[in-house]
Amino acid sequence: MQESMRARRDIGMTVNGWFVAALFLLLASLLSWFSLNAIRSNTLEAVQAEMQALNHWVDSDLASQGAEMTGEIASLISENMFLNKLAVEINGAGTADSRFNLRRDLAAWMVSHEYRDFFVFDASGILVAGMRDAELGNAMPEAVSHHLHAVMSGSHKVTHPFATPDGPRMWVMLPVTDNKGAHIGVFALELAESRHFSVTTVKGRSGKSSETYLVSREGLLLSSSRFESDLRDVGLLKPAQSSVLAIRAADPGALLTKAQPLPANMEQWPLTHAVDGLLKHPDGADMQGYRDYRGVRVFGVWQWDRMLDLGIITEVDADEALSEYYHIRNLLLTLLAGLIIIAVILLRGYSHYRSRLEYEAAYHKDLLLESTAEAIYGIDPQGCCTFANKSCVRLLGFDNAEQLLGKNMHALVHHTHPDGTPYEPQSCHIMRSFHQKTRVYKRDEVFWRRDGSSFPVEYWSHPVFDGDETIGCVVTFLDISELRDAERQRSRIEKQVQHAQRLESLGILAGGIAHDFNNILSAILGNAALAQRRVVNDPVDAKEKLEKIVQSCDRASVLCRQMLAYSGKGKFVVRPLNLSDSVEEITHLLEVSLEKGVVLKYSLAESLPAVEADEAQIQQLIMNLVTNANEAIGKKSGVISISTGVMQADSSYLLDCFGDNPVQGRYAYVEVNDTGCGMDAETRDKIFDPFFTTKFTGRGLGMSAVLGIVRGHKGALKLYSELGRGTSFKFLLPVSGSGVLDQTVELSRHDLWHGHGLIMVVDDEETVRETAIMMLEDMGFTTIGVENGVQALDVYRQRGSGIAGVLMDLTMPKMGGEECFSELRRINPDIKVVLTSGYNEQDAIQHFTGKRLAAFIQKPVSPDRLREVMHKVMEDEA
Amino acid sequence: MKIRSFILLLAILMAPLSVSAQIIKVAGSSTVKVFMDHAVEAYHKLHPDVQIDAQAGGSGVGVASVMDRSVHLGMISRELDAVEKAALTGVEQIAVGIDAVAVAISDELYHGQHLHSLSRQAVAAIYLGEIDNWSEVGGPDRHIMVIEKEMHRGTRQVFASHILGDSKAPTLPQAVVIGPNRHMQTLLKTSDQAIGYLTIGDLDKHVHGVEIIVDGKAYAPTMAEVRSGAYPLSRMLYLLMPENVPDYVRQFVEFLTSPEALPALNKAGYLSLQ
């Protein structure tokens, strides 16, 4: 189950991981796509701006060259002498000499200003002077003659290149003005190649493919192409042929390559998109891409120069323009691919790592969980089992954990209390720990096995938190059957030890008690003899003696009761107790056990809060302390003072005390001080060890029993001792909630009570029976006495309902009290039977539990006690 | 691709600074510079790390620049005179080629008027202003337009010393004086009555060199004639190299004098010594 849960979680985690990775990659791709788009459009914008700048630059360069040329020529021909010489030639007055002089004058200027030839035409365009006399009389070349009119009107003209057998030529033409300002002819200079358009447009070349070129209205190139060698390769140009005027900027419809023949009908190829655009609109751009005259896809910008009447086009191969973009794109795609690979590797590695870690953690957890002797299981908020270790499965008597998983654990193993009453889920402490978010520890409940048997458990329930919320509980439990057995065993042994110790101290007491009894018996004997003698002569004196006998008997009775109480194997009966009363009750015992020179002083608090304690044990405790004190004083004279009281003990006070971690609070205490020899530190350390003794005869159990009793009552014991000065023991018992006990009022109430009706007294000892009859009659009852149980049954059968109650001894010949009681109950289930016995109550009535015994009176029976008991029994009847 | 450029970048960043600047400064004769330009182009392909800055200005500039050590190499296209030689102690004079000067006329005169040869005396007379019409030397009845180069030009000195007998002979006042060879080319090409002189490498189909008749013997301005040593109007082209130049300059000079530099020499229209 855990394995499968883990596996499911692993799968979930991996799926999650892949999902996150996919999302991440999708985002990265989207981001890349947007970035690439932005980069592309930015690149194109930059390229366009750059091309436009080139275009403008070439345009302005052309313009400034034109202005420069016309400026320098104008300044040349504006010289009067030169103008006169031209005028002479134009007016037809020139001679061979004058023309030679003109040539010679102009030659050096001409070549040094990058011109290669000059021509002087008259107004009709006939050559009147130039470098060669042979050409005189020729008409202006057709290619430039259309400018004649404009130039004669005063314009300056830079002609387009025009074809000649020696290659393209360019002229600059200016009007020749006479003295009166009239235009009389044309002065033309042929530009050296260094002044041709091609030289200017070459400056517009950049990168590997960007070029600026000029086109005429017909689409013919007016400046040389950057790709002349390519054009020659594909056959558009002859070897050594200039591209100027030879190439038409027309779209071949496909990329021209050396391998393929030129498409047919070259003259009918449409003009390129740029030229087409130029003819329609003076300026424009195309950044979508179009084919140029080589058939290559290019981006281009263009503008029309009105002055020169030509178009300026700057183009760049699309591939080059976008090369940076392609670069970035490829880089980005590579990065993205790398990222994917790395992400996949990392994810795989991580998931391996995670699963290994989890496997190891789970392995160790399982190892821990399964190897521990404690049974452990987990529950969810509904109380259903989420896991269970082997010990749990074994202890609950199941075969495997699957039989528990998903089951409601309370219903399965915790459904019933030890006494057989159902255990409601809402009061279950385990569920309570879940709801109250607290740890719970219990050791007084049982779990039920699969086979229906139960076993005592000690369990801890820990709520499991997820944040502030509890998501379940982990329950750890142990089978404490053996522990319980051991505890029982130990407590039995402890009791036996205590009992043995009590008997031991009884043995010590015996001498004193025998002496006391002797005294009492002497008094009784003496008084009885005197009374016997004087009962006739002096009844008053006899009555006095008899009263003394009664007093002596009282003393003896008290002594006996105390001894019985002390030695009795009375059950550990915890009830509210007044410590002062407890001390008072054993004063006789205490006194008789003291050495001669020892004086016992009491300082008992009058109203003490009650403590929850077993009286017999407390008395044994006091007895032991006093005996110890007595022995500490020894044969010398000394004082033992016993005081009681109540105090508030704080934790620092309790720290010095012996005990079982007593908690601070209100304590009632008994303190026993002696003026004896005291103890040294070594003795103090060992005093509570069992079998440690400083006496010849002791068995070393006294003080060990003292501490045992104090611990058993959750009390504390304070020891203070100084060698040679004395010892002080103080035991403290926590004050119970029931407050001060007061029995005196109740007692007085019984004094006034008188009963009525017939009481059957059953006792085999005649004196006892008669005494009881006397007392009962004194109370107003009528009586009938019988010797044993058999007679009692007979009488009861005869008299039946006339008998209001039975006072019966426990131990009788023929039929004992127990059997007789059963028989009487059979006759009348509601019969009121008061049992008397020399044994103490615990021993005597243990066989009558649950049999509705009306009361028990311990022998010897005093009139007061009998009255009290009879009052209670008869009043219940009423 | 990207990695390679990254490594290259690293290499550039980590390269010691000392090797970063290998510049060779050259100045002098424009005649030699024509060869130098072609040679630099070839050398740059072999040694991209070496930058060569060649400036024209004439042989005089070449001598002066080496004298004050403002350049690594001087270019001269004439012989050093005694004064210069004395001043240039510790400077090596290395011959790199031969330049030959042709007396040149336009295609129209050469082919059109069949004017193929001129005697040295006739050329001298033209340049001294004693003859001013082509008809006097067997040509058409046209004025002769005399084209001269500036005095300091190496070509002019070769021409003047061989034709006029004095390398510093004064220029004819009515002559058209121009500077660079290409201006001479332009004028000779354009004019049908001009006479000038050019290094034979600058002759083409528009400008032709005429045979020079010396002592009744005609010498054609051809490579073969020049290399044979018979052609009179020729000169040696030299480099001037101070002794203490860096190794990379010496290496460059070795390249210029090696067969590897022949194509450059030929492109410039000069002849190798061999």
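Residues are numbered from 1 along each chain as its sequence is written, while chains are lettered from A and ligands numbered from 1 in the order in which they are written.

Within chain B, confidence is lowest in helix H1 (residues 2-14), with a mean of 52, and highest in helix H6 (residues 120-128), at 94. Helices (H or I, at least four residues) and strands (E, at least two) are DSSP runs, numbered from the N terminus. Over residues 11-20 of chain B the pLDDT is below 50, and beyond near neighbours in sequence this stretch has 1 contact in the model; two residues are in contact if their C-beta atoms, placed from the backbone, lie within 7 Å. Where pLDDT is low, the predicted coordinates should not be read in detail. For the model, the scores are ipTM 0.74 and pTM 0.52.

Let me continue with the fold of chain B. Its secondary structure comes to 11 helices and 12 strands. Of the 274 residues in chain B, 45% are buried; a residue is buried if 20 or more other C-beta atoms lie within 10 Å of its own, exposed if 12 or fewer, and partly exposed in between, with C-beta atoms placed from the backbone. Among contacts in chain B between residues at least 6 apart in sequence, 72% join residues at least 24 apart.

I turn to the interface. The contact between the chains takes 14 residues from chain A and 13 residues from chain B. On the side of chain B that touches chain A, strand E7 (176-178) and helix H8 (181-190) of chain B each supply at least two residues, and H8(B) gives the most, with 4 residues.

Next, the cores. A nonpolar core is a set of buried Ala, Val, Leu, Ile, Met, Phe, Trp, Tyr and Cys residues joined through C-beta atoms within 7 Å. The largest has 144 residues, of which Val172(A), Ala188(A), Val215(A), Phe35(B) and Ile147(B) touch the most other members. Strand E4 (residues 91-106) of chain B contributes the largest share of this core, 9 residues. A second, separate core of 43 residues includes Leu590(A), Ile618(A), Tyr667(A) and Phe731(A).

Which residues of helix H13 (residues 429-436) of chain A are buried? They are Ile430(A), Met431(A), Ser433(A) and Phe434(A). Seen down the axis of H13(A), these buried residues fall within an arc of 155° (taken over the directions from the helix axis to the C-beta atoms), so they line one face of the helix. Their cover includes helix H12 (409-413) and strands E12 (440-448), E13 (454-466) and E14 (469-479) of chain A. Lys437(A) follows H13(A) and has a positive phi, near 55°.

Strand E13 of chain A contains Pro463(A). Leaving aside neighbours within four places in sequence, Pro463(A) is in contact with Ser433(A), Phe434(A), Lys437(A), Thr470(A) and Cys473(A). Pro463(A) and Ile430(A) lie 33 residues apart in sequence and 9.0 Å apart in space, C-alpha to C-alpha. Is Pro463(A) buried or partly exposed? Pro463(A) counts as partly exposed because it has 19 C-beta neighbours inside 10 Å.

Key: Predicted model: local features only at pLDDT ≥ 70, side-chain atom pairs only at ≥ 80, totals over all residues. pLDDT = per-residue confidence, 0-100.
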